[in-house]
Amino acid sequence: MTVLETAIDPRNPAYLQSRSAMLERLAELEAALEAARAGGGEKWVTRHHARGKLLPRERVEMLLDQDSPFLELSPVAAWGSEFPIGASVVTGIGVVEGVECVVIANDPTVDGGAVNPYTVEKIRRAARIASVNRLPLVNLVESTGAAAPAGPPPGGAIARDLSQLTADRVPTVCVVFGATTGDAAYLPALSDYTIMVRGHAKMLTIHPQPVRAAGANGRPAPEVRSAPTVPAGVTGPADQLAEDERDGLRLARQCVRRFNWRKRGPAPRCFPPNPPKYDAEDLLSMAGADPATVFEPREVLARILDGSDFDEFKPTQGTALVTGWGELHGYPIGVLANLGGAFSPAETQKAVHFIQLANATATSLLFVQYTGAPAAEAHEAADVRHGAPLVHAVAKSTVPHLTLMIGARPAEESGGIYGRAYEPRFLFSWPVERPADGSPPLGKLPDDGVIDPRDTRTVLGLCLSAVHSAAVEGAEHVGVFRP
């Protein structure tokens, strides 16, 4: 057992300055979160409640087990774009009848739940998380499905992803609360279990049909396009009819209870886990530190790992990369944390060897990517021979990968081998100073959420619990890499 030491002094003026800078960024993030929670605004929320309907987060809360956590994914998607913050949909992971599930809930108060590029990407990302982590999916549907102003049509990607889930034998539940059109109209028919609220739920087929009405003087009126409606009833796709929204959520919980669902990954080694030795408040000073300062990843690990216990691997070799073993909320984990900049052959060999050992022992990996370092020198960046083995190792690794982005640059600018392109199970980032335009790439989600640094241990613990719903298996025929 090797307990990490700390050199942070809370009385240092630089500590207080960095902490203050991060609190300002968190205040901006909280304002964006409040905008997302507000939905379409007070007028539309009031009208929605007056109809006896629940808001999406109220539906999610009633679906989940009482006092259980809900890890919301990409809650401020589309922040800085022309579309509403949150992308008119709530996605996340929560516990229903003791089973961890991915939950997707449309927000009908935002343009009737209209779909925009960020909505499509957010829903598809949630479906992908459900698939790779073997998590049942619950859809809480009420959406026009139409493209939002200035947005392209959503296409059939959402329906296709849901169909793939059922093919992978991941259970899917769909609760329809109101009018549903477009891609969303296919969800009830494609789900394993379908519940519809009597008197409110109806699906409008995606292809409108021509209708001619009688005009003046007996002449036919101009042709209009009408979307045929499939009611919730004997002729509809509903397996069960709910009397109201609360009854629909009760029936959804009942469906999940009958899944007879069991995790395939190993349980935590110890429960309850030992807390870290050091205060998570110190993470604020690290997150808000000047990018010119030297980043020390061990200080971060000392505040997120169980008991601040970390067995470092090859500590004297490739010192720009910190690797080692620890536990997080009782789950064994291997850590690769870089200090920024380009890797030398020593760091590459160290990383490849460590990734191979993690696969040989079926241990999940946490990549801590520091994004505040200056770009590599031209001669370093030009020689890709040293990086090729590491690309192979990361791409061929089959154990779950989690990524935490730390630093001054946005995640989409600093992904590298730890970024979205290499498909980590989850990718979260700490708040960074937003650029002047603040506009993300159209329809892209660079991470699964921007989190308060003090919540890092909790978020990663929920992610590790989720990935253990599926089997944790390393790549076969790994062997040991040595230079």
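Buried means under 20% relative accessible area, exposed means over 50%, and partly exposed lies in between (1.4 Å probe, protein chains only). Helices (H or I, at least four residues) and strands (E, at least two) are DSSP runs, numbered from the N terminus.

This is a predicted model, in which local features need pLDDT of at least 70 and side-chain atom pairs count only at pLDDT 80 or more, while totals for chains, interfaces and linings use all residues. Residues are numbered from 1 along each chain as its sequence is written, and side-chain values use heavy atoms, with hydrogens and water left out.

**Exercise 1. Strand β15**

Task: Determine how many residues of strand β15 (residues 364–370) are buried, and which strands β15 pairs with.

Solution. 
Step 1. Count the residues: 7 of the 7 in β15 are buried, so the strand is largely enclosed by the rest of the structure.
Step 2. Sort them by direction. Ser364, Leu366, Val368 and Tyr370 point one way, while Leu365, Phe367 and Gln369 point the other way.
Step 3. Look for partners; two strands pair if DSSP finds at least two bridges between them. Strand β14 (residues 331–338) runs parallel to β15 and is joined to β15 by 5 bridges. Strand β16 (residues 401–406) is also parallel to β15, over 6 bridges.
Step 4. Pick out single positions. Serine 364 in β15 has isoleucine 333 opposite, and glutamine 369 has methionine 405 of β16 as its bridge partner.

**Exercise 2. The nonpolar cores**

Task: Find which residues touch the most other members of the largest nonpolar core.

Solution. 
Step 1. Apply the rule: a nonpolar core is a set of buried Ala, Val, Leu, Ile, Met, Phe, Trp, Tyr and Cys residues joined through side-chain atoms within 4.5 Å.
Step 2. The largest such core has 69 residues, and Leu366 and Phe426 touch the most other members.
Step 3. List the contacts of leucine 366 (contact means heavy atoms within 4.5 Å). Leaving aside neighbours within four places in sequence, they are Ile304, Ile333, Gly334, Val335, Leu336, Leu402, Leu404 and Leu460.
Step 4. Another core, of 25 residues, lies apart from the largest one; among its members are Leu64, Val96, Val175 and Ala252.

**Exercise 3. Salt bridges**

Task: Count the salt bridges, then state which parts of the chain are tied together by arginine 125 and aspartate 448.

Solution. 
Step 1. Side chains of opposite charge can pair when their charged atoms come close. A salt bridge here is a side-chain nitrogen of Lys or Arg within 4 Å of a carboxyl oxygen of Asp or Glu. The count comes to 27 salt bridges.
Step 2. In the pair of arginine 125 and aspartate 448, the closest N and O atoms are 2.8 Å apart. Arginine 125 belongs to helix α4 (residues 117–132) and aspartate 448 to the loop between β17 (426–429) and α13 (456–467), so the pair ties together parts that are 323 residues apart in sequence. Both residues are buried.
Step 3. Turn to arginine 454 and glutamate 281, whose closest N and O atoms are 3.3 Å apart. Arginine 454 is partly exposed at 29%, and glutamate 281 is partly exposed at 26%.
Step 4. Arg454 and Glu281 also belong to a network of salt bridges that links them with Arg19 and Asp452.
Step 5. Aspartate 9 and arginine 11 form a further salt bridge, with closest N and O atoms 3.1 Å apart. Aspartate 9 is partly exposed at 31%, whereas arginine 11 is exposed at 71%.

**Exercise 4. Backbone details in loops**

Task: Identify which peptide bond into proline 272 is cis, and describe the phi values of asparagine 260 and alanine 362.

Solution. 
Step 1. The cis bond runs from phenylalanine 271 to proline 272, with omega near -5 degrees. Proline 272 sits in the loop between α7 and α8.
Step 2. Asparagine 260, also found in the loop between α7 and α8, has a positive phi of about 55 degrees although it is not a glycine. Its relative accessibility is 55%, which counts as exposed.
Step 3. Alanine 362 has a positive phi near 50 degrees. This residue is in the loop between α10 (345–360) and β15 and is partly exposed at 30%.

Definitions and conventions
Contact = heavy atoms within 4.5 Å.
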